[in-house]
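Please open the model in your viewer and keep the selection tool at hand. The tour moves from one selection to the next and says what is found at each stop.

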Amino acid sequence: MFDYNVQERVNDVVAAALAQANVTRTNHIMWMMGIDFRYPYAISWFRQMDKFIHYVNQDGRVNALYSTPSLYTDAKHATDEKWPLKTDDFFPYADHPNAYWTGYFTSRPGLKGYVRALSGYYLTARQLEFFKGRVDSGPNTEVLADALAIAQHHDAVSGTERHHVAVDYALRLSLGYKEAEKVVTFSLAYLTQPDSMYINSVLCFGFSWQCPVLNISYFPPSKAVLSDGKSLVVVIYNSLGWKREEVIRIPVSIDRISVQDSSGKKVEARLLPILNVTFSVRNYYVRAYLGESPRETIKYWLAFTVSVPPIGFSTYIISTTKQTGSSVAISSVYRSEESIDNTIEVGQGSLKLIHSARDGKLSHYANNRNLITASAEQSYSYYSGNDGTDKDPQASGAYVFRPNGTFPIKSDS
């Protein structure tokens, strides 16, 4: 309050600066000031830094100043120093013994995946919003942008927040997605049918479905449209700056089907039978996502290759055919058979994987084309979290990964 400890604090600052300078090239060092729990008291915080800078410069042993990353980098570059190239890994951060901050690499993987998926979707929505032209009223991408921005907080996407806070982040992202979904729908409809304008912000035709739950084999338009003998128009957008060729899959319930591109050229396609295990997973997650069981039944994945230009879209038409029998090749489900030597062989081509029939583990593989056979050993283990001790209370958790040993998983358990 009365600056009675100025010289003591100046000596501490100078000693810390010299200690860092001794392990740093050039005479420029960076001090990053403050943490997230300090800047709510910005006036007090900056007042103290002002005093530090004033009294340290008055002392004269080091020169302190407010700076920025670019000014610091320019000062380092101006020294024409030769810098080593680091190619190995950086050691994980730890703030005290047994407290390596690697737990958050895997904390809340669902939220991490949601942020990642919507970051890509946001890029697409922004591009399409630009191509169509933004309007003063109506849906826009700002809600999703704000939700993604706040999700970049070091206690958000890291997964280190409490459960109810994680739920709040997910809710914000969901609301942003719903808004951006309208932008994508309106923009693609405008770009694919420029003559079809809006009447009271409602599309004049049925371009109204996207595929947020396609990963659980749920896509109602494929049955609703194709069952009525109509054609299903599929628009695939590529937000990246290079051409992409990808295989896409759409669940369908009929086998009399054909695929054409926008020029009317027939596209090679294949029907992949859907396994029974898929139906139970599909029913469970559709109920969780929509609150009701799926009404339509599906039999196949319709798979075909699409080619999409950079930052552009391609259109494909799926239609029913009148001919009897399937017009698309139907793949058969491959079922491995157990051999007399208690092994299970997987693979129909040159590469075969041989598993033990007793415990299901991979034992060796064979490449018939190169006449190579090699043994393999497979095992599974898990980490048990450390709860800490009286001497060292640090426990394993959302921030810190501190295992209490590694334990094998028995194959018969």
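Is Arg9 buried, partly exposed or exposed? Select Arg9 to begin: with a relative accessible area of 36%, Arg9 is partly exposed, where buried means under 20% relative accessible area, exposed means over 50%, and partly exposed lies in between, using a 1.4 Å probe and protein chains only. Before going further, note that this is a predicted model, in which local features need pLDDT of at least 70 and side-chain atom pairs count only at pLDDT 80 or more, while totals for chains, interfaces and linings use all residues. Residues are numbered from 1 along each chain as its sequence is written, and side-chain values use heavy atoms, with hydrogens and water left out.

Arg9 and Asp12 form a salt bridge, with their closest N and O atoms 3.1 Å apart; the term stands for a side-chain nitrogen of Lys or Arg within 4 Å of a carboxyl oxygen of Asp or Glu. Both residues lie in helix H1 (residues 6–21), 3 residues apart, which is about one turn of the helix. Helices (H or I, at least four residues) and strands (E, at least two) are DSSP runs, numbered from the N terminus.

Next, select Asp168 and Arg172 in helix H6, which stand 4 residues apart, or about one helical turn, and whose side chains meet in a salt bridge (2.8 Å, N to O). Asp168 is partly exposed at 32%, and Arg172 is likewise partly exposed at 40%.

Finally, turn to the strands, and select E3 (residues 257–261), where 4 of the 5 residues are buried. E3 pairs with strand E6 (residues 312–320) in the antiparallel sense over 5 bridges, pairing being counted if DSSP finds at least two bridges between two strands. Within this pair, Gln260 stands opposite Ile317 in E6.
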